[in-house]
Amino acid sequence: MKNSPFQKSCQFLSASFLTLLLYSTVTYANAQTTTLSQQTSDVIVPSQQKTNVLDDQRYTGSLLSPSGAMSLAGLLAIEPYAQMTISRGAYQPDGNVKNNKHRTDNFINFTLIKYAVTDHFSVQSTPQIRYAWNGHTTSSSLHFADLPVELQYRWIDQDNASYRPSLTTILGMTFPTGNYSNLGRALDGAGNGTYALRFGLQSQAAYNVFNHALRVRVWGVGRQPLNSVNIKNISNYGTSLGYKGNARPGLFGNTGFSLEYGFTKEWLLSFDFVYDWAKGTRMKGTDKNAVYNRRVTGASHDIQLAPAVEYNWSPKIGIIVGTALTVNGHNTNDFVQPQFAVMMLF
């Protein structure tokens with residue numbers, strides 16, 4: 001299927017965004033570093049002297065945006081998430097939604113764990129477990145998904161006084177720890193079976209709007225699977241009993257922006273806009289009747305919006321509650337995803 005003008009426009013904007021951030025790296029490479037009160041972690045650690053609302057504001061971080069590298073060596077951030085994904089149907093190749101008679105819903109728990117090795121370099125991982133059900137059956141048990149590990153380095157520090165944005169580069173790997181082949185039931189699938197290179201850029205800055213802090217984040221990330229996998233019988237690639245073959249997923253990723261507006265230093269409203277995209281998966285193999293088939297699944301995309309409310313008891317602990325939902329897409333699920341997270345900084 002050919003890309004629509006809308007998809008081509010979004011892919012062009014994604015490429016333009018990544019180019020702009022790379023240009024920013026060159027432009028600001030020699031910029032001075034900032035003080036602790038101007039750091040770029042999710043929660044602003046208080047300094048000895050605070051001079052304006054931007055330095056005083058507390059953050060938990062929006063629901064879907066990635067955070068940059070933390071700015072004080074030895075900091076440890078732990079942020080457990082609970083998500084309930086409620087399927088409303090499936091986006092067809094033409095973008096229309098087809099309602100599912102027996103929809104598949106799931107519960108996901110993942111915990112963001114990030115440690116600041118230095119004032120600019122952080123290591124992050126997000127182990128995840130999931131459980132799924134539909135009108136016919138459920139997962140056999142809780143299942144671990146694939147495990148991502150990322151290295152984050154901040155080249156430019158956020159400077160609230162001059163509204164200078166930070167810039168963090170992301171490089172990592174997803175390890176295939178989730179079930180994906182020879183499953184007892186389709187809902188037991190929790191991984192792809194591939195090692196995937198993770199890469200991207202993240203930037204953020206805070207602005208004084210009507211004497212309240214507005215933090216803006218922008219990002220672009222990609223995930224490139226590095227190997228093909230052998231699959232057998234029921235798999236996470238949609239195959240059934242008797243199938244034997246091979247699958248190689250294509251490049252996927254997302255880009256977006258988030259806004260967080262503080263009404264007080266404890267209370268904020270946040271909003272995410274995210275464009276997800278994925279190329280097709282190459283598959284070849286034989287079914288239970290020994291019929292050989294070779295195909296490439298269709299590329300897909302979706303657009304998600306995620307409004308939320310944040311409350312921060314202190315600079316080191318906060319909670320966020322909100323809902324992500326799809327508003328556009330093709331060859332993917334249409335869903336609503338209520339969720340909450342608790343951020344703790346040690």
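How many bridges join strand β12 (residues 244-248) to strand β15 (residues 282-286)?

Author: Five bridges join β12 to β15, and the two strands run antiparallel. Before going on, a quick word on what you're looking at. This is a predicted model, where local features need pLDDT of at least 70 and side-chain atom pairs count only at pLDDT 80 or more, while totals for chains, interfaces and linings use all residues. Residues are numbered from 1 along each chain as its sequence is written, and side-chain values use heavy atoms, with hydrogens and water left out.

Strands are DSSP runs of E with at least two residues (helices are runs of H or I with at least four), numbered from the N terminus. Two strands count as paired if DSSP finds at least two bridges between them. Strands of a sheet pair through backbone hydrogen bonds, either parallel or antiparallel.

Back to your pair. Find A247 and look across: M283 in β15 stands opposite. Both strands belong to an open sheet of four, in the order β11-β12-β15-β16, with antiparallel pairing. At the edges sit β11 (229-232) and β16 (292-296), each pairing on one side only. From one strand to the next, the twist averages 20 degrees. Such angles run from 0 to 180 degrees between N-to-C directions, using axes fitted as lines to C-alpha atoms (for helices, over the stretch in contact).

Strand β17 (residues 300-314) is joined to strand β18 (residues 317-330) by eleven bridges, antiparallel. A hairpin of two residues connects β17 to β18, and S314 has I317 in β18 as its bridge partner. From there, nine bridges join β18 to β19, again antiparallel. I320 is bridged to A341 in β19. The hairpin of β18 and β19 has one residue between the strands, and N331 takes a positive phi near 55 degrees there.

Stay on β19 (residues 332-345) and you'll find Q339. Q339 is buried, at a relative accessible area of 3% (buried means under 20%, exposed over 50%, and partly exposed in between, with a 1.4 Å probe and protein chains only). Leaving out residues up to four places away in sequence, Q339 touches L63, L64, Y81, A82, Q83, I320, V321, G322 and A324; contact here means heavy atoms within 4.5 Å.

Another glutamine is worth a visit. Q124 lies in strand β4 (residues 121-125) and counts as buried, at 11% relative accessibility. A polar contact of 3.3 Å joins the side chains of Q124 and K114. Neighbours within four places aside, the contacts of Q124 include S67, L112, P148 and E150. G172 is 48 residues from Q124 in sequence, but the C-alpha atoms are 9.1 Å apart in space.

Next, the rings. There are ten aromatic pairs. Take Y131 and W133: their ring centres are 6.1 Å apart and their planes are at 35 degrees, so the pair is tilted. The rule is that rings of Phe, Tyr and Trp (its six-membered ring) pair if their centres lie within 6.5 Å, with planes under 30 degrees apart counted as stacked, over 60 as edge-to-face and the rest as tilted. Y131 is partly exposed at 26%, and W133 is partly exposed at 27%. W267 and Y311 make another tilted pair, with centres 4.6 Å apart and planes at 50 degrees. W267 is in strand β14 (residues 267-278) and Y311 is in β17, so this pair ties together parts that are 44 residues apart in sequence. W267 is partly exposed at 45%, as is Y311 at 23%. Ring pairs also link F257, F271 and F273 into a cluster.

One last stop: the charged end of R215 sits over the ring of Y59, 4.0 Å from its centre. That label needs NZ of Lys or CZ of Arg within 6 Å of the ring centre and within 35 degrees of the ring normal.

Notes. Polar contact = N/O pair within 3.5 Å; in protein donor to acceptor, adjacent residues only side chain to side chain.
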